[in-house]
Amino acid sequence: MTKRSGSKALTWMALSSVVFAAPALADESAKLVVNDEIEMITETDAPAHLDGALGTIRSGWTFRTSETQVLQMDDFDNPGMIFVDQALDQWNTVEGSAGKSCASCHDDVESSMAGVRAVYPKWNEEAEEVRTLVMQINDCRENQMGAEPLKYTSGKMTAMEALISVQSRGMPVDVAIDGPAQSTWERGKDIYYTRFGQLDLSCANCHEDNYDNMIRADHLSQGQINGFPVYRLKNTKLNNAHARFKGCIRDTRAETFKPGSDEFVALELYVASRGNGLSVEAPSVRN
C-alpha cells in the first residue's frame, strides 16, 4: 500500500477541489426510534480515549437526508431487513460434517446473541487475537459445524453479521481497547491517521477534520461504524465495514488492504472504539 506522512499542501489541494461547507441536508435534531420502540443514541459525548479530537460523536444517520433517515425508522421500510430474514433461514439450516446449524449450539438468535454486536471486535483468549464478528462466525462454522468458511464480504456472511447485530439494536457500543487488545488498537489508530495514496489522505482528513462538509454530492460523516452492516442505496446491498474501508482507501488512489487482513481488523477495532456510547443500529441505511 502506498502511504505518505507529509505534504499538507497536497492534501489541501485534493480536499479543496471537492470539499466545501454547506447547510446540513439532514435534520440533525431528529430522534431515531425504530419501530416506535427502540430508541437509538445517535449523539453523545466522545469517549475519553479520543483525547479531544472530537467533543461529540454522531451516528452517520444524523448526516443523511430526511428521506434516507426515515427508511431506517421502520423495519418494513428498511431494505436491509430482507437480508436479515434470509440469514434467519440460514441460522436454522444444517451445514457441514457435524450435522449442525447455528441454532444447534445457540438456540434462539434473539436471546443468545443479544449484546454480542456491541462488544465486537474483541480479544479472544483462546486464539490470543482480536477477532471481528465475521472472524468469530467463520470460526464457529469451521470448528463447530465442520462447514466451509464464508468469504469475508460475501452476501451470506454480511447477512449473518446483520442478523446477529439486530439483536443488539439500541445497546451502546462498548468495545474494549485495553489489556491484550491495546496493541491492536494502537495499530488501528496509526492506520487511521496515516495518509495514503496519490491524494495523500488519511481517514481523519475526511471524518475528523471535514465532517459536516460536502464532498462532491455527499455529506461527510464522522465515519462511525455502529450502523454496520449498512444497506447502501448506492449499490443496493448490505455492506460490511471492511468493504467500506477498502472502498475508502481505494478512493485515495492507493493499493488497499484486503478484507479480513490484520490491518483492517486493527482499523475496525479502532474505528469501533471511536463510537463507544452510540447505539448499535445495524442494519442501517446510508447513501
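This is a predicted model: local features need pLDDT of at least 70, side-chain atom pairs count only at pLDDT 80 or more; totals for chains, interfaces and linings use all residues.
Along the chain Trp 61 and Gln 72 are 11 residues apart, and their C-alpha atoms are separated by 8.6 Å. With residues up to four places away again not counted, the contacts of Gln 72 include Leu 32, Trp 61, Glu 281 and Arg 286, and also Val 34, Asn 78 and Pro 283.

Let me move on to helix H11. At 1.5 Å a residue, the 13 residues of H11 should span 18 Å, and because its end C-alpha atoms lie 19 Å apart, the two values agree. H11 is mostly covered, with 11 of its 13 residues buried, and those buried residues pack against strand E6, strand E8, helix H6, H8 and helix H10.

How do H8 and H11 pack, and at what angle? Helix H8, residues 182-192, and helix H11, residues 262-274, meet at an angle of about 90°, with their axes 7 Å apart, which makes H8 roughly perpendicular to H11. On the H8 side the contact residues include Trp 185, Ile 191 and Tyr 192, while those of H11 include Ala 266, Leu 267, Tyr 270 and Val 271. Sorted by class, this contact has 8 nonpolar, 3 polar and 5 charged residues.

That brings me to the cores. In the largest nonpolar core, which has 32 residues, Phe 245, Leu 267 and Val 271 touch the most other members. The elements giving two or more residues to this core are H8, H10 and H11, and H11 gives the most, with 7 residues. Setting aside neighbours within four places in sequence, Val 271 is in contact with Tyr 192, Gly 223, Gln 224, Ile 225 and Phe 245. Apart from this core lies another, of 26 residues, among them Ala 87, Val 109, Val 116 and Ala 162.

Terms used:
Residues are numbered from 1 along each chain as its sequence is written. Side-chain values use heavy atoms; hydrogens and water are left out. Axes are lines fitted to C-alpha atoms, for helices over the stretch in contact, and angles run from 0 to 180 degrees between N-to-C directions. Helices (H or I, at least four residues) and strands (E, at least two) are DSSP runs, numbered from the N terminus. Angles under 35 degrees count as roughly parallel, over 145 as roughly antiparallel, 65 to 115 as roughly perpendicular and the rest as oblique. Contact means heavy atoms within 4.5 Å. Ala, Val, Leu, Ile, Met, Phe, Trp, Tyr, Cys and Pro count as nonpolar, Asp, Glu, Lys and Arg as charged, and the others, Gly among them, as polar. The expected span of a helix is 1.5 Å times one less than its number of residues. Buried means under 20% relative accessible area, exposed over 50%, partly exposed in between (1.4 Å probe, protein chains only). A nonpolar core is a set of buried Ala, Val, Leu, Ile, Met, Phe, Trp, Tyr and Cys residues joined through side-chain atoms within 4.5 Å.
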